[in-house]
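This report goes through one protein model, starting from a single residue and moving out to the sheet and the helices packed on it. Please keep the sequence and the coordinates open while reading.

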Amino acid sequence: MLEPNQHGRVQTDESLRAERGKTDTELEKRRDAAERSADAVMLRARDAADGVLQAARDTADGKGAKLCTPAVIEERALADDVVENARGDADESVRRERADRRRALASLLRLEREETDQHLLTERGFSDEALNTRDIFLAMVSHDLRTMLGGIAMTAELLAREVMVAGDSTATVRTRTETIQRLTARMNRLIGDLVDVASIEAGKLLVVPTEGDLRALIRESVEIFQPSADAHGIELALEIGESPLLARFDSERLLQVVANLLSNAIKFSPRGASISIRAERTDGEVRVAVADSGPGVATASLEAIFGKFWQVGRRDRTGLGLGLYISRCILEAHGGRIWAESTLSAGSTFYFALPTA
């Protein structure tokens with residue numbers, strides 16, 4: 001049984017073949033009609049010319065009967081043969097010209113149809129890729145949302161049971177509550193990523209830059225992630241200097257970028273490691289670097305990591321692999337850029353830069 005899109009394509013191909021058949025038939029009819037009309041005009045012109053010639057000969061013969069001698073008759077016959085031969089050559093030339101035009105038109109039509117078919121195949125390829133990406137995307141989203149909803153439901157049920165148990169400790173309730181908060185926060189981030197990707201794909205990513213000191217935003221980001229770093233036994237080392245780092249940026253959007261970089265750095269750094277956050281002005285830019293001590297990224301993947309759905313491995317199910325893709329889109333909307341440098345087993349450094357104000 002054909003898939004819906006395959007069934008639609010079969011119908012499209014059949015309709016296209018039918019329309020081309022109708023076009024060929026109509027072109028043939030119009031060409032035949034045009035040729036018949038041209039032939040009729042030519043025949044009328046020849047008949048008229050023959051009539052004029054015959055009338056002239058009759059007039060000449062009537063005025064001087066002695067002129068109609070065997071020599072004159074023979075000369076006229078030769079002249080008629082010449083005219084007939086010339087007309088035959090002209091007819092043959094017209095036939096050849098028409099045949100050439102038919103072949104040229106058929107060749108042009110074939111080339112145009114081949115080009116149309118190629119465009120159709122290309123568009124179908126893009127469509128297949130988009131559908132495949134959509135299916136993977138929906139599968140990932142549904143899996144993650146169901147997992148987190150299942151975790152929330154189970155934790156809420158356990159919490160309800162434990163609250164009813166006499167002598168239940170406040171610490172247990174707090175732990176369950178924190179689990180629910182953590183899962184809902186992950187769901188909120190996931191849904192936020194979905195909304196951002198939809199906005200990006202529609203060309204409607206909203207960025208409202210205003211002038212500000214980038215150091216304040218970086219400090220705020222570090223304060224937000226300090227508890228998470230402490231929980232993982234990771235030190236956050238801040239190096240932003242004393243001079244203002246003025247640039248035009250959307251605070252909420254850029255906070256989203258820095259948060260994504262810090263979250264990744266904490267996730268992939270081992271316990272006891274140190275993550276440095278540096279910011280400086282260089283070459284007309286304000287540049288920020290987040291360096292971790294994680295496993296690193298292969299050189300061949302340093303560009304791929306900024307694509308949609310890219311993840312470190314099959315076991316990395318903490319997100320959809322959209323963070324770096326969204327971050328790049330946000331930076332590009334600011335007129336900035338983002339890139340990474342890494343050595344396997346020696347950590348990675350992610351950079352982003354904005355034009356100075």
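## A buried serine

Ser342 counts as buried because its relative accessibility is 16%, where buried means under 20% relative accessible area, exposed over 50% and partly exposed in between, with a 1.4 Å probe and protein chains only. The model is predicted: local features need pLDDT of at least 70, side-chain atom pairs count only at pLDDT 80 or more, and totals for chains, interfaces and linings use all residues. Residues are numbered from 1 along each chain as its sequence is written, and side-chain values use heavy atoms, with hydrogens and water left out.

Ser342 belongs to strand β6 (residues 337–342); helices (H or I, at least four residues) and strands (E, at least two) are DSSP runs, numbered from the N terminus. The side chain of Ser342 has a polar atom 2.7 Å from the backbone nitrogen of Val297, and it also makes a polar contact of 2.8 Å with the side chain of Ser348. A polar contact is a pair of N or O atoms within 3.5 Å; within protein, one must be able to donate a hydrogen and the other to accept it, and residues adjacent in sequence count only if both atoms are side-chain atoms. Leaving aside residues up to four places away in sequence, Ser342 touches Gly296, Val297, Leu302, Gly347 and Ser348, contact meaning heavy atoms within 4.5 Å.

## Overall composition

The protein has six helices and seven strands. Read from the N terminus, the order of elements is α-α-α-β-α-β-β-α-β-β-α-β-β. Of the 357 residues in the protein, 30% are buried. Among contacts between residues at least 6 apart in sequence, 73% join residues at least 24 apart.

## The sheet

Five strands form an open sheet with mixed pairing, in the order β2-β4-β5-β7-β6. Strands β2 (235–239) and β6 are at the edges with a single partner strand each, so one side of each has no neighbour in the sheet. From one strand to the next, the twist averages 15°. Two strands pair if DSSP finds at least two bridges between them. Strands of a sheet pair through backbone hydrogen bonds, either parallel or antiparallel.

Strand β5 (residues 285–291) has six of its seven residues buried, so it is largely enclosed by the rest of the structure. Strand β4 (residues 274–282) runs antiparallel to β5 and is joined to it by seven bridges. Strand β7 (residues 348–355) also pairs with β5 in the antiparallel sense, over seven bridges. Arg287 in β5 stands opposite Glu280 and opposite Ala353 in β7. Glu285 has Pro355 in β7 as its bridge partner.

## Turns with positive phi

Most residues other than glycine have a negative phi, and most peptide bonds are trans. Which phi does Asp283 have, although it is not a glycine? Asp283 has a positive phi of about 50°, and its place is the turn of the hairpin that β4 and β5 form with two residues between them. With 71% relative accessibility, Asp283 counts as exposed.

Ser345, in the loop between β6 and β7, is not a glycine either and has a positive phi of about 70°. Its relative accessible area is 71%, so Ser345 is exposed.

Helix α4 (residues 214–231) lies across β2, β4 and β5 and runs at about 170° to β2. Helix α5 (residues 251–268) lies across β4, β5, β6 and β7, at about 170° to β7. Axes are lines fitted to C-alpha atoms, for helices over the stretch in contact, and angles run from 0 to 180 degrees between N-to-C directions.

The axes of α5 and helix α6 (residues 323–333) come within 9 Å and cross at roughly 145°. Residues of α5 in this contact include Arg253, Leu254 and Val257, which meet a group in α6 that includes Leu324, Ile326 and Ile330. The contact residues divide into seven nonpolar, five polar and one charged; Ala, Val, Leu, Ile, Met, Phe, Trp, Tyr, Cys and Pro count as nonpolar, Asp, Glu, Lys and Arg as charged, and the others, Gly among them, as polar.

Nine of the 11 residues of α6 are buried, so α6 is largely enclosed by the rest of the structure. Among them are Tyr325, Arg328 and Cys329. The buried residues of α6 pack against α3 (170–201), α5, β6 and β7.
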